[in-house]
Protein chains: 2
Amino acid sequence: MISPEPASDRLFDAVASRGPVCVGLDTAVEYLPPRVLAARSEPAAALLAYNLALVEATADFAACFKVQIAYYEELGPAGLEVYAKTLQFIRSRGCIAVADIKRGDIADTAARYAKAHLEGAFEADFVTLNPYMGLDSLEPWLALAERRGKGLFALVRTSNPGMRDFEGLELAAGGRVYDEVARRVAALSGRGRGERGYGALGAVVGCTERAEAASLRATLSGVFVLIPGYGTQGGAAEDAALLLEGGNGGVVNASRSILKAWSAAGLDPATTGLEEAAQAARAATETMSAALLAAVARSKATP
Amino acid sequence: MISPEPASDRLFDAVASRGPVCVGLDTAVEYLPPRVLAARSEPAAALLAYNLALVEATADFAACFKVQIAYYEELGPAGLEVYAKTLQFIRSRGCIAVADIKRGDIADTAARYAKAHLEGAFEADFVTLNPYMGLDSLEPWLALAERRGKGLFALVRTSNPGMRDFEGLELAAGGRVYDEVARRVAALSGRGRGERGYGALGAVVGCTERAEAASLRATLSGVFVLIPGYGTQGGAAEDAALLLEGGNGGVVNASRSILKAWSAAGLDPATTGLEEAAQAARAATETMSAALLAAVARSKATP
């Protein structure tokens, strides 16, 4: 059997050629122009059409697409059909699909989840995972990811205020809970390592202040990071650039600012169609990509 | 609007009348007698028939049923239809359904998940949650649970070996991560409190050694607990009884020992049908219930 190309290599090359934007398809029906929604008999059909149009329109400026399963789970089995079809479409276009599922469970249960999301009906290229239950909750995912050339992002330090409650607790041995999670993730970075130097296990690290970002990045050397919190959660291009390594080794997610770009651009809700909304999303993605690449260039100029 | 009866009151009454067994429907096709599987054209149809037969057969000795979504997610949208129908059947029989989903996310995403599992196609009476991201990941669930008379179990201390990696880390302020999670959960126990004294937010606490169980139980006074790890993970009736409060305030889950009771009872795989498998599950549930009630009686006799 020929080993599949590691997902981390494909993601690295995508960032190198198209920049580090991760387009988030956290698609809710209320983000769609009313005309787009009204033109379909079922909300689920409108969501699918919107996702596909946005993938087509933004692919030139996107390293990958992150699909947040909660928005589809809300609609029951019909919503999960849309979720599956969105992933299939992204992958059929040669793009990279990140499934934002934050699953976390143990033993046989973890293996079932891994099969569902790394090779089953919901197959993605990367998934996000919640590591609270420990390394044995990651192991079945890692084993399958290595075998199938997939990638994982374990939650390390998120960007929500509640991060302080448990992730940010100070440890008796020094550092915080997320520092220890980062260390354990980094210790596994050799597993499934590709030619670009990144392993199968990555980390979710939210934008934070400068010193903390540098410290976490040092711990996570050679670990691919998924960076949430850009824009709506207060993170800026400079903060995100700090979590990259020379402009690669990470992707920066934006969801609502792209999904609702038509609204931010001042388009008329009553008349905006699918194509105009998609073009607004394309412009927002291009703008974000340019802002990130400029911040990376500045960070290289003034180390 | 008349407030719905809190799920914690219904669960308390169920434990009082039928004992603390939580029957786990972590149903995999390989747990079914081959004849039952072969009689259906689709594996998903066999899973559903098996679940329904086991609910009917064990309901007399079960406080509630816990459905592990990973086993259904593995089968894609068709599997999630079985998951939804299993929950609907449990609830239509007047029984209590616990959705073992271990979701954990923030803000709007958490609210979407909450709608999916507390009122949508996947409506359950209780769900399990992963609190790693902080209290703001629990809040949307708690708000909806209070409004709809639902219940939640946040992971506090699980029973897998990897529990030591992050849950078990020692804190600078004293105690371990799971002690702090337990304190924060207990601080919210007034939210949605019912007439039996338990709130909408409960905790998952695995069987552990005696001193630790007593300490965690003291922190979690008045908090309903879901206890995994009975049987297959080494926990015994005595350990589980320690985590109850006078024989109530908690349920003890067993999955494989009930699902595969037909096999443990020595029934012939080639000839065992649905009814025999269901009766073996009933007997296993009755035996487990009796063992737990005996352990509770002993713990009351020798405090």
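**View 1. Residues in contact between chain A and chain B.** In this predicted model, 57 residues of chain A are in contact with 57 residues of chain B. Put together, the two chains bury about 5000 Å² between them, and 58% of this area lies on carbon and sulfur atoms. On the side of chain A, the residues that lose the most area to chain B are A:Arg112, A:Tyr132 and A:Phe166, which together account for 19% of what that side buries.

**View 2. Salt bridges and polar contacts across the interface.** Between chain A and chain B the rule finds 12 salt bridges, and one of these joins B:Lys102 to A:Asp105, with the closest N and O atoms 2.8 Å apart. Across this interface there are also 33 residue pairs in polar contact, both residues being at pLDDT 80 or more.

**View 3. Elements of chain A that touch chain B.** Two or more residues each are given to this side of chain A by the helices α4 (70-73), α5 (76-92), α6 (107-118), α7 (135-148) and α8 (177-187), and by the strands β3 (97-103) and β5 (151-157). The largest share, 7 residues, comes from α6(A). Sorted by class, the side of chain A that touches chain B holds 28 nonpolar, 11 polar and 18 charged residues.

**View 4. How the two copies are related.**

Technical notes: Residues are numbered from 1 along each chain as its sequence is written. Chains are lettered from A and ligands numbered from 1 in the order in which they are written. This is a predicted model: local features need pLDDT of at least 70, side-chain atom pairs count only at pLDDT 80 or more; totals for chains, interfaces and linings use all residues. Side-chain values use heavy atoms; hydrogens and water are left out. Contact means heavy atoms within 4.5 Å. Buried area is the accessible area (1.4 Å probe) that two parts lose on being put together, summed over both. A salt bridge is a side-chain nitrogen of Lys or Arg within 4 Å of a carboxyl oxygen of Asp or Glu. A polar contact is a pair of N or O atoms within 3.5 Å; within protein, one must be able to donate a hydrogen and the other to accept it, and residues adjacent in sequence count only if both atoms are side-chain atoms. Helices (H or I, at least four residues) and strands (E, at least two) are DSSP runs, numbered from the N terminus. Ala, Val, Leu, Ile, Met, Phe, Trp, Tyr, Cys and Pro count as nonpolar, Asp, Glu, Lys and Arg as charged, and the others, Gly among them, as polar.
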